[in-house]
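Q: I am new to this structure and would be grateful for a close look at one part of it, followed by an account of its surroundings.

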Amino acid sequence: MKAVYLGIDVGSVSTNVVALDEQGKVLYTVYLRTRGQPIQAIQEGLRQLLTALGKDLKVKGVGTTGSGRSLAAVMVGADVVKNEITAHAVAANFVVPGVQTVIEIGGQDSKIIILRHGIVTDFAMNTVCAAGTGSFLDQQAARLGIPIEDFGRRALEARSPVRIAGRCAVFAESDMIHKQQQGHPIEDIIAGLCEALVRNYLNNVGKGKEILPPVVFQGGVAANAGMRRAFNRALGTEVIVPEHYGVMGAFGAALLAKDMGLRESAFRGFNLTEMEFKTGGFECQGCANHCEVVELREGSRLLARWGDRCGKWSNAVAV
């Protein structure tokens, strides 16, 4: 029987599942679009993993991370639940020992993590503007009629990148349209956009941060060769893109579960892929906070509640 550690990263855009062996080697990865249905995405991810690795598996630990980590943890029976900052930092430090800066740009947000001697000393996240995130790049690629897979390659073909206003997603798109109307080549516009988005990132997310090499670039946007080159130029150093750049959150969650050294995991088993889960919620009227309480049910059985500040509902025994 093959021993594995699972990491599950549930985000607003994607849900990722990673399986590691006992040495921390990646056995299989799954990247799925969440599409507003995290439960179904988690179940599909586990199905794909089971199909790829076979049923002869012993899960020795499970970690969850991402914005949907609480939901995923209750659903699958997680042993460790950590935020994205911790998960991404652990994965980056495992792949590139001594990493000092982690640039992570995903579908909806971006973050920077500063490490010194393997410890997170500072971080920042961009949750205000969509400029520079994967969803914005997807949108611009679609508007230009270019497959997102070719976006980065086209940027590398630029001869004279134009200057695009990258401080805001709306301004960036308007400026791109203006440059198109002036007759600039598409390649120069795409390259200019990549450089603008890197400036936006460094002036907002990276503002005031001491960015030292080695620098690891992860998240879905790391696949974009134009963004990689723009970061290389702006930072004056070559950013390192790990092999599993798109699923580093799940990778880190699995590593955290592995490091616990558990004798037995709380994992509920792969049969959960066939169970019927439902989420619901209500607003508590018990005090002025009016907490929005979320609950997860398996059929008619209440598994858990969370979201309340005082613990009135989350600490209650499931019925």
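Is I146 buried or exposed, and what is its relative accessibility?

A: The model discussed here is predicted. Within it, I146 counts as buried, because its relative accessibility is 8%, and the cut-off for a buried residue is under 20%. I146 is found in the loop between α4 and α5. The C-alpha atom of I146 is separated by 10.0 Å from that of I186, although the two residues are 40 apart along the chain.

A total of 36 residues line the pocket, and the closest to its centre are Y31, G106, G107, G220 and V221. Among the elements that give two or more residues to the lining are the helices α4 (134-144) and α5 (148-156). The strands β1 (2-10), β2 (14-20) and β3 (26-33) also give two or more residues each, as do the helices α3 (84-95) and α9 (248-259). The largest share comes from α4, with four residues. By class, 18 residues of the lining are polar, ten are nonpolar and eight are charged.

Buried residues are also found in helix α2, which covers residues 69-76. There, L71, A72, A73, M75 and V76 are buried. Just after this helix, G77 takes a positive phi of about 85°.

M125 has its place in strand β8, residues 119-126. With a relative accessible area of 35%, M125 is partly exposed, whereas I146, at 8% relative accessibility, is buried.

Charged side chains complete the picture. The count of salt bridges comes to 17. One of them joins the side chains of E44 and R47, with a distance of 3.2 Å from N to O. Both residues lie in helix α1 (residues 38-53), where they are three residues apart, about one turn of the helix. E44 counts as partly exposed at 30% relative accessibility, and R47 likewise counts as partly exposed at 30%. R47 also forms a salt bridge with E274, in which the closest N and O atoms are 3.6 Å apart. Because E274 lies in the loop between α9 and β10 (277-283) and R47 in helix α1, this pair ties together parts that are 227 residues apart in sequence. E274 is exposed, with a relative accessible area of 62%.

E195 lies in helix α7 (residues 186-204) and R233 in helix α8 (residues 225-235), so the pair ties together parts that are 38 residues apart in sequence. E195 is partly exposed, with a relative accessible area of 24%, while R233 counts as exposed at 53% relative accessibility.

Methods: Residues are numbered from 1 along each chain as its sequence is written. This is a predicted model: local features need pLDDT of at least 70, side-chain atom pairs count only at pLDDT 80 or more; totals for chains, interfaces and linings use all residues. Side-chain values use heavy atoms; hydrogens and water are left out. On a 1 Å grid over the protein atoms alone, a cavity is a set of points where a 1.4 Å probe fits but cannot get out, and a pocket is an open set with protein on both sides within 12 Å along at least five of seven lines; lining residues have an atom within 4 Å of a point. Ala, Val, Leu, Ile, Met, Phe, Trp, Tyr, Cys and Pro count as nonpolar, Asp, Glu, Lys and Arg as charged, and the others, Gly among them, as polar. Buried means under 20% relative accessible area, exposed over 50%, partly exposed in between (1.4 Å probe, protein chains only). A salt bridge is a side-chain nitrogen of Lys or Arg within 4 Å of a carboxyl oxygen of Asp or Glu.
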